[in-house]
Amino acid sequence: SCEDPQRQDVEGSTIGSTHTNGIIGSKRRIMGSLGILALSCAAVVVCTTMSFNGGSWSSLLAKSSATESGRMQKLWTFDLKPLHREFKPVSFGDGDGREDGPIEWLQDHWPEIKGDREAGDEIECISPANFYCPLKMVPNDGWTHFVRCPDHTTSPAVSYDISSCVPDAGYSLPILPKDSSRPDGRLSATVCPANTYCPAGQNVPAPLPCPDNTASPRGSIAVEACKANVGHHHNGAGYGTPAQACPAGFYCPAASLEPTVCPDNTDSPTKSGDLLSCKAVAGFYGPYGTAASPCPKDSYCPAASIVPRSCPANTATEGPGNSEISSCRAIAGYSGPYGTAATLCPRDTYCPAASASPLSCPANTFAPAGSSEVSSCHAKGGFFGPFGQPADACSAGHYCPAEATAELPCPTHESSSPQRARLTDCTSVAGYYGPAGTDAALCPANDYCPAGSTTPLVCPPHTESPEGSPAPASCTAVAGYYGAPGTTAVLCPAAAYCPPASSEPLRCPPNTNSPAGSTAITDCKAIAGYHHGGAGYGTPASACPGGSYCPAQSLDPTPCPDHTDSPERSGVVTACRAQAGYFGAYGAAAAACPLDSYCPAESVAPTPCPSNTGTADVAAPAIDSCHAKPGYYGPYGPPAAPCPAGSYCPAESVTPTPCPANTLSPSGSADATACVAIGGYYGAPGTAADLCPSASFCPPASAAPMPCPSGTTSDPGSVYPVSCRLVPQVVSAPVVAPAPVVVSAPATAAPTAAPSSIPSPPLVVSAPAPAPLSVSPPPPASAQLLDGGKSLLNINCATWRDSRSTFAPDKQKSTLAKCMMQDCQQSLGYSSKACRFRDALGLCYTYQVAQVWCSQNAGSSYCNDGGANWAIAPVGTAANIDATQWTPKLDATLAGFGDTPYKCACLKDCTCTPKSNGKHDCRCVAGAAAQPVGDPAELGQVASKTADSNKKGSCFCSCGGQTS
């Protein structure tokens with residue numbers, strides 16, 4: 001580009017400078033200016049401005065492409081406009097340090113140039129001053145072959161090299177490349193650039209640089225023009241000497257011989273060139289170039305501060321003169337990194353002045369936001385301790401408000417859990433009540449007060465509690481009720497008792513009962529038929545013994561009224577019924593059965609004896625006490641028959657008693673005295689009669705012979721007087737009494753009347769004596785063994801015996817099962833009885849005296865013996881109760897129902913209860929090992945057998961499928 005003739009390249013060379021090359025010839029003159037680019041440029045463009053005939057043109061004469069080394073390679077010529085002339089290339093060099101050929105200058109007659117160059121011989125080139133000949137020998141072709149020295153250079157005449165052109169003072173001329181084939185050449189001299197100097201009269205190919213750190217103006221001709229650059233000084237050595245860098249704290253304007261010190265409290269960097277480079281040192285401030293003042297407190301002044309800088313929000317400095325923002329540190333109660341705005345110290349921390357971060361309060365303490373000291377950390381609520389120290393947890397039963405230094409006790413009968421902060425955290429302890437934070441009151445009876453209760457809580461219905469009860473479980477059932485503690489209690493059922501606090505009813509002792517709501521074991525009183533034996537209520541009750549009755553709640557048996565008796569377990573007075581031989585209303589004293597009547601046990605009225613019978617005494621117990629009246633006979637009980645003639649029947653005669661020999665009695669005779677001698681016999685009434693002797697006669701009933709009249713005689717056995725005859729006067733042979741004829745006279749027969757004239761021969765009649773009846777010795781009345789096999793039995797057996805024919809089949813069976821149960825219990829020694837001897841139906845005599853009597857009279861027809869091993873001594877021979885072998889009936893029949901047979905079986909020492917499926921659950925002394933006696937098939941419906949030692953002496957029986 002040729003627009004900027006004064007632009008300098010990177011080496012400081014002036015490019016585009018306009019130079020005028022004058023080419024002086026004899027015929028032609030060319031005027032122009034040649035612009036030369038510095039050779040150091042990577043690309044060189046040669047621009048020329050030429051004046052011709054008053055006109056000017058710009059044309060690109062040549063250009064060069066740079067080699068890798070940056071040196072000029074080619075210079076080409078191009079058409080100049082508007083001349084339209086073709087130029088040959090002109091080369092200044094190809095970059096190899098040698099010229100490529102002669103520089104060809106153009107004549108002003110352009111058409112003749114080519115032809116003219118070929119004429120002439122070589123001549124020596126003679127140049128005038130300020131010119132030089134590039135070639136010493138030049139063609140003699142009419143051309144001028146010398147060249148003007150570059151501007152601002154001079155040369156002597158006859159100069160052959162551009163080096164002969166010496167630059168003017170303040171200028172330099174660079175040396176162009178050359179080789180041996182052509183002369184050196186130079187383009188032009190240039191003004192000595194700034195920061196260099198070019199001494200006058202010296203061939204200076206390049207400007208001389210100023211000493212280090214100095215500068216000179218353009219065109220300087222001496223080294224003294226080199227003066228210290230700004231920020232440097234000559235240290236007193238004078239101009240033209242190397243300059244030193246201005247030291248820190250000083251400033252050195254251009255051309256300074258010595259450095260100038262900065263104002264107080266200011267500093268400058270090295271090489272500072274003016275006063276304004278003196279700026280306040282760190283910690284000071286002030287305008288540049290003036291003495292600086294100390295940075296005030298709570299601000300900071302970095303180096304070169306004109307004014308102080310305020311510390312960030314909520315920060316401060318320890319004093320004045322701070323240079324760094326990091327000197328600005330959080331004020332007390334704030335924290336933050338040094339040099340940044342501080343934030344308020346958060347809650348539960350404290351921040352002393354200059355805190356980079358908050359400090360946590362000691363354990364269990366707190367502090368308000370903005371706290372600056374550890375002493376601001378006070379105990380949290382629920383803790384206590386000195387300010388600024390770790391706080392201890394408030395213990396149970398105390399409260400510790402925030403900032404507490406000591407724990408405070410809860411009000412009376414109140415407590416708290418650990419770490420409680422408020423008075424209202426103190427609540428009533430269990431068993432007390434009241435508002436939180438006040439003295440608590442004792443929980444009243446029948447209420448409960450869990451911990452924390454403000455009011456008492458009422459116990460559930462039918463429960464009670466003592467004062468101070470702490471929980472529902474303290475509410476226990478009142479007497480007569482039961483239930484789990486803390487729940488509504490239920491009325492105690494009958495047959496049980498419920499003392500206070502009962503969770504379950506307590507069963508009454510055996511054979512006792514109690515009403516619903518009973519409160520104590522003494523409410524358990526004997527059930528009807530049982531008594532406490534004087535041991536008091538609440539003890540197991542024993543069966544009421546026979547001969548007494550025991551209404552419910554009996555402490556002791558009540559004896560039956562006079563001459564009455566009752567079976568065991570009688571519970572009402574009406575069970576006391578007349579003993580055998582007595583009669584009367586049930587429950588009333590009985591009267592002796594009157595004569596000629598009998599009164600079986602339980603008789604309400606006497607029963608008249610059968611006809612012709614009567615009793616020997618009052619209190620006949622049974623029909624067999626009705627014996628034949630005198631003059632009658634027959635078995636005890638049935639109507640009596642008149643005693644036949646020839647016999648006599650005292651009272652109670654079972655059979656007639658034959659009159660003694662040779663006596664006779666009328667029918668209905670009651671006494672032996674009715675037996676009188678028959679005719680021809682004599683004797684006291686009731687005794688055997690003797691034959692009436694001879695000479696006498698003995699009418700019937702003769703107590704003694706009656707003598708025949710004197711002189712008469714009679715044969716022995718004469719009956720009537722007519723038998724007396726005169727005694728013949730002959731020797732009489734001994735009279736032999738005829739054998740008596742025994743004639744059984746009918747009961748109504750009367751003695752044959754003798755003829756009134758002549759006595760008939762005596763008729764001896766002897767009533768035959770009947771065969772005697774064998775009778776065992778009768779048992780005592782106390783044994784209650786009645787003729788015919790009947791006896792006093794237990795009530796169920798007696799009912800079955802006497803009334804079964806009126807019962808339906810199932811009732812016959814169930815009544816017999818109950819009968820067997822009582823016999824079974826009797827066999828086990830119940831009430832010290834035994835069951836060995838039975839009546840004709842196989843039912844046990846209930847009176848022990850009967851059992852004992854039969855054991856002593858085992859052959860009696862009254863005593864049906866089950867076996868000696870059926871009872872222990874004195875009735876039997878079994879070793880003990882458990883060894884007795886009593887067996888229930890196996891031959892029962894249904895009366896009135898075809899006598900269908902059925903059998904019985906019993907479990908000894910057991911009781912059983914029915915189940916809904918028809919089976920039974922049994923509790924036995926022997927447990928599952930208990931085995932039935934009797935027919936095992938009867939007890940096939942037992943579902944289970946559980947061991948229970950309380951069942952000793954109990955029995956469970958079944959007959960024909962019906963149970964006891």
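Select L276, which is exposed, with a relative accessible area of 52%. Exposed means over 50% relative accessible area, buried means under 20%, and partly exposed lies in between (1.4 Å probe, protein chains only). This is a predicted model, in which local features need pLDDT of at least 70 and side-chain atom pairs count only at pLDDT 80 or more, while totals for chains, interfaces and linings use all residues. Residues are numbered from 1 along each chain as its sequence is written, and side-chain values use heavy atoms, with hydrogens and water left out.

L276 lies in the loop between β22 (266-267) and β23 (279-280). Helices (H or I, at least four residues) and strands (E, at least two) are DSSP runs, numbered from the N terminus. Neighbours within four places in sequence aside, L276 is in contact (heavy atoms within 4.5 Å) with Y288 and G289.

Next, select C345 and C351. A disulfide joins them, with 2.0 Å from S to S. A disulfide here is a pair of cysteine sulfur atoms within 2.5 Å. The link of C345 and C351 is right-handed, with 75° about the S-S bond. Both C345 and C351 are buried.

Move on to D447, in strand β44 (residues 447-448). Leaving out neighbours within four places in sequence, the contacts of D447 include P456, L457, V458 and C459. S465, P466 and S469 are also among them.

Now select C835 and C844. They form a disulfide, with sulfur atoms 1.3 Å apart. C835 is buried at a relative accessible area of 0%, and C844 is buried at 1%.

Go along to helix α4 (residues 848-856) and colour A850, Q851, W853 and C854, which are buried. Seen down the axis of α4, its buried residues fall within an arc of 165°, so they line one face of the helix. The arc is that of the directions from the helix axis to the C-beta atoms. To see what covers these residues, show α3 (809-827) and β78 (837-838), which are included in that cover.

The last pair to select is C912 and C922, a disulfide with sulfur atoms 2.0 Å apart. The torsion about its S-S bond is about 110°, so the disulfide of C912 and C922 is right-handed. C912 is in strand β83 (residues 910-914) and C922 is in strand β84 (residues 920-924), ten residues apart. Both cysteines, C912 and C922, are buried.

Finally, zoom out to the whole chain. How many disulfides does a search of the whole structure find? The search finds 32. The secondary structure comes to four helices and 88 strands. Of the 964 residues of the chain, 40% count as buried. The chain exposes about 46000 Å², and carbon and sulfur atoms supply 57% of it. Accessible areas come from the Shrake-Rupley method with a 1.4 Å probe; for residues, only the protein chains shown count as cover.
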